[in-house]
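Subject: Structure handover

Hello,

Here is the structure we spoke about, with the sequence alongside. My notes on what was found in it follow below.

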Amino acid sequence: MALLNFKKRDKAATVPNEQVHAFLQDYSIEVMPRTAEKVEDFRDLLPAGTRVYIAHIEGTPIEEMVATAKRIAAEGFPVMPHFPARIIKDQATLADWIARYQGEANVDQALLLAGGVDKPHGDYHSSMQLLESGEFDKAGFKRLHVAGHPEGNKDIDADGSTKNVDDALRWKQKFNDTTDAKMALATQFAFDAKPIIEWANSLSEAGITIPVHIGIAGPAKLQTLIKFAIACGVGPSLKVLQKRAMDVTKLLLPYEPTDVLAELAAHKAANPDFNITKVHFFPLGGIKTNANWAIENGGEAAKPVNAS
């Protein structure tokens with residue numbers, strides 16, 4: 001099986017795959033305020049109940065984040081805003097953000113992460129500190145997701161190991177065992193199924209029972225993927241993309257996540273207790289492009305609200 005699918009779309013690419021349909025059930029997708037503005041109505045693209053993450057990039061005013069959450073929630077979708085620890089000044093700011101999201105968009109779930117900022121803006125530098133604050137439990141949040149790193153994270157482990165990431169996962173597992181909120185690991189995107197499966201299995205062996213929502217890059221140009229992979233610190237997958245980039249005949253061919261999802265879906269079908277429970281899309285080539293790919297490949301599970 002090819003690692004990446006760089007083939008032009010043909011009949012084989014749209015053959016029904018019941019395993020993929022099942023694997024894509026209740027997938028989630030990520031947007032930013034500026035990308036969400038380009039979508040006239042999310043109900044034209046997403047199935048009912050799709051969780052929409054809203055990425056909070058440094059410099060984005062909280063007012064824009066809340067307005068985006070309010071708009072998407074009004075269209076009927078559960079919203080999960082990012083809370084990047086390193087751009088939150090203090091506990092009062094954290095409580096204010098939570099209150100705004102709850103009061104204006106009825107938000108009751110969040111993705112907590114350190115955030116891609118070198119120097120913290122204030123008191124926080126990790127998602128664990130946000131969890132320890134007690135603000136989310138106090139507000140009655142029903143779901144709290146934290147980051148997962150199938151290929152490690154050099155921002156956390158500069159030496160290339162996984163020691164700090166692993167220590168953090170054990171801490172988060174203990175928190176999972178005590179909180180009333182449902183938790184999940186929302187991971188960075190990767191392109192090769194085999195290392196993903198090995199990583200997920202290693203979590204189970206280490207006693208980490210938090211469900212995994214695997215990050216998958218949506219359809220995009222190879223150049224776009226390389227740019228995001230470098231920015232996000234993707235490791236082995238970046239080497240694969242760079243190798244592909246050496247072949248100029250493939251530079252203009254679109255990447256689609258067909259192969260990696262088919263392999264993960266087949267593994268899930270053969271191992272129902274496999275701890276990857278959901279797919280989380282990073283729409284690097286655009287929300288509409290990603291949603292349309294899911295519609296074409298996800299069967300009834302990906303049927304948009306307005307197509308019902």
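In this predicted model, helix α8 (residues 193-205) packs with helix α11 (residues 258-270), their axes 9 Å apart and at an angle of about 40°. Angles under 35 degrees would count as roughly parallel, so α8 and α11 are oblique to each other. Their crossing is right-handed. On the α8 side the contact is made by Ala 193, Lys 194, Ile 196 and Ile 197, and on the α11 side by Val 260, Glu 263, Leu 264 and His 267. Sorted by class, the contact of α8 with α11 has five nonpolar residues, two charged and one polar.

The crossing of α3 and α4 is right-handed. From α3, the residues involved are Ile 62, Glu 63, Met 65, Val 66, Ala 69, Lys 70 and Ala 73; they meet Trp 97, Arg 100, Tyr 101, Glu 104 and Ala 105 of α4. Eight of the residues in the contact of α3 with α4 are nonpolar and four are charged, with no polar ones.

Ala 69 deserves a separate entry. Ala 69 sits in helix α3 and has 0% relative accessibility, so it counts as buried. Leaving out residues up to four places away in sequence, Ala 69 touches Ile 54, Val 79, Tyr 101, Ala 105 and Val 107. Val 107 is 38 residues from Ala 69 along the chain, and the C-alpha atoms of the two are separated by 7.9 Å.

Another buried residue is Ser 127, with a relative accessible area of 6%. Ser 127 lies in helix α5 (residues 127-132). Again setting aside residues up to four places away in sequence, the residues that Ser 127 touches are Ala 85, Leu 112, Leu 113, Ala 114, Val 146 and Lys 172.

Asn 106 is not a glycine, yet has a positive phi of about 55°. Asn 106 is found in the loop between α4 (91-105) and β4 (109-113). With a relative accessible area of 65%, over the 50% cut-off, Asn 106 is exposed. Asp 26, also a residue other than glycine, has a positive phi near 60°. The loop that holds Asp 26 runs between α1 (18-23) and β1 (28-31). The relative accessible area of Asp 26 is 44%, so this residue is partly exposed.

Finally, the chain as a whole. The protein chain has 12 helices and 10 strands. Of its 308 residues, 50% are buried. The protein chain exposes about 14,600 Å², and 52% of that comes from carbon and sulfur atoms. As for contacts between residues at least 6 apart in sequence, 81% of them join residues at least 24 apart.

Please keep in mind when using these notes that the model is predicted.

Regards

Technical notes. Residues are numbered from 1 along each chain as its sequence is written. This is a predicted model: local features need pLDDT of at least 70, side-chain atom pairs count only at pLDDT 80 or more; totals for chains, interfaces and linings use all residues. Side-chain values use heavy atoms; hydrogens and water are left out. Helices (H or I, at least four residues) and strands (E, at least two) are DSSP runs, numbered from the N terminus. Buried means under 20% relative accessible area, exposed over 50%, partly exposed in between (1.4 Å probe, protein chains only). Contact means heavy atoms within 4.5 Å. Accessible areas come from the Shrake-Rupley method with a 1.4 Å probe; for residues, only the protein chains shown count as cover. A crossing is left-handed if the near helix is turned anticlockwise from the far one by less than a right angle, and right-handed if clockwise. Ala, Val, Leu, Ile, Met, Phe, Trp, Tyr, Cys and Pro count as nonpolar, Asp, Glu, Lys and Arg as charged, and the others, Gly among them, as polar. Axes are lines fitted to C-alpha atoms, for helices over the stretch in contact, and angles run from 0 to 180 degrees between N-to-C directions. Angles under 35 degrees count as roughly parallel, over 145 as roughly antiparallel, 65 to 115 as roughly perpendicular and the rest as oblique.
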